[in-house]
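User: I have a structure open and would like to go through it step by step. Could you help me read it?

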Amino acid sequence: MAAATTADQRAPRADKVAVVDEVRERFAEAEAVLFTEYRGLDVAQMADLRGRLIDADCRYKIYKNSLVRRALSDEAPGGVMDLLLGPTALAFCGKDPSAAAKALREFAAEHEALAIKGGILAGSLLSDAQVRELADLPSRDELRAQMLGALAAPLSSLASMMNNLIGEMSGLVQALIDRSTADSTTDSDSTTDSTDTENNQ
C-alpha cells in the first residue's frame with residue numbers, strides 16, 4: 001500500500017516534467033514567442049483568437065507560469081521572467097511572426113481584455129510596443145504579393161526589386177532586434193549604477 005502511494009505521488013511530477021519538455025521544445029522550434037494576458041476573455045473569444053492565430057501559422061497555448069520558468073534556459077533574455085506574471089498565454093510563431101503579431105494586435109483592438117505583454121524574437125526580448133511594431137512588418141503573404149508584382153515587371157528590374165524587398169525586410173527585423181538589445185543594455189547599466197550607489201552609501 002505504501003509503495004502504491006509513493007507511485008501516485010510521483011505521477012504528477014512526471015507529468016510536470018513532460019510539460020516542461022514540451023514547452024522547451026516549442027520555444028526551440030518557434031521563430032518567435034509572443035506573451036499575452038488573457039484575463040477576461042471567455043471561451044468563445046479564446047476559440048476565436050486561437051483560430052486567427054492558426055491562420056497565421058501560430059499556436060496559442062496556456063501553461064502554468066512556474067513550468068514555463070523551468071523550461072526557459074539560462075540563455076533566455078533578461079527580463080523575460082517579468083512577462084510570466086498573471087494569467088499568461090504564449091503564441092508560438094511559425095515562419096511568419098509578423099502575421100501572428102498582426103492577429104494579436106487586431107484582436108486586442110477588438111477585445112480590451114487581451115493584453116500584449118511582450119515577446120522573444122531571435123533570442124532578444126521585445127516589449128509590448130515592439131511586438132506592435134513587428135505587426136507593421138509585411139507578412140509572408142504580403143511579400144509574396146509584392147514578389148508576384150515584381151514578376152510582372154521587366155526582367156531588367158526584377159532582380160533589383162527582389163533584392164530591395166529582401167533587404168528592407170531584413171533591415172526592419174534587425175533594427176527591431178538591435179533596439180531590443182540596446183534597451184536591455186540600458187536597463188542593465190541602470191541597475192548597475194543603482195547598485196553601486198547603494199553600496200557607496
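User: Is E31 buried or exposed, or something in between?

Analyst: E31 is partly exposed, with a relative accessible area of 38%. Buried means under 20% relative accessible area, exposed means over 50%, and partly exposed lies in between (1.4 Å probe, protein chains only). Please note that this is a predicted model, in which local features need pLDDT of at least 70 and side-chain atom pairs count only at pLDDT 80 or more, while totals for chains, interfaces and linings use all residues. Residues are numbered from 1 along each chain as its sequence is written, and side-chain values use heavy atoms, with hydrogens and water left out.

User: Which residue forms a salt bridge with E31?

Analyst: The partner is K95, and the closest N and O atoms of the pair are 3.5 Å apart. A salt bridge here is a side-chain nitrogen of Lys or Arg within 4 Å of a carboxyl oxygen of Asp or Glu. K95 lies in the loop between β3 and α4, and E31 in the loop between α1 (2-29) and β1, so the pair ties together parts that are 64 residues apart in sequence. K95 itself is exposed, at 58% relative accessible area.

User: Why can such side chains pair at all?

Analyst: Side chains of opposite charge can pair when their charged atoms come close.

User: How many salt bridges are there in the whole structure?

Analyst: A search of the whole structure finds 7. One of them joins R105 and D136, with the closest N and O atoms 2.7 Å apart. R105 is in helix α4 and D136 in the loop between α5 and α6, so this pair ties together parts that are 31 residues apart in sequence. R105 is partly exposed at 28% relative accessible area, whereas D136 is exposed at 55%.

User: Changing topic: how many helices and strands does the chain have?

Analyst: The chain has 7 helices and 5 strands. Helices (H or I, at least four residues) and strands (E, at least two) are DSSP runs, numbered from the N terminus. From that end, the elements run α-β-α-β-α-β-α-β-β-α-α-α.

User: What about the inside? Which residues of the largest nonpolar core touch the most other members?

Analyst: Of its 25 residues, these are L34, L49, L53, Y60, A91, L104 and L114. At least two core residues come from each of β1 (32-37), α2 (43-55), β2, β3 (88-93), α4 (97-110), β4 (115-121) and α5 (128-134). The largest share, 6 residues, is from α4. A nonpolar core is a set of buried Ala, Val, Leu, Ile, Met, Phe, Trp, Tyr and Cys residues joined through side-chain atoms within 4.5 Å.

User: What share of the chain is buried?

Analyst: Buried residues make up 36% of the 201 residues in the chain.

User: Where does L137 lie, and is it buried or exposed?

Analyst: L137 lies in the loop between α5 and α6 (140-151). At 6% relative accessibility, L137 counts as buried. The C-alpha atoms of L137 and S98 are separated by 6.0 Å, although these residues are 39 residues apart along the chain.

User: One last point: where is K64?

Analyst: K64 is in the loop between β2 (58-62) and α3 (65-71). K64 is exposed, with a relative accessible area of 59%.
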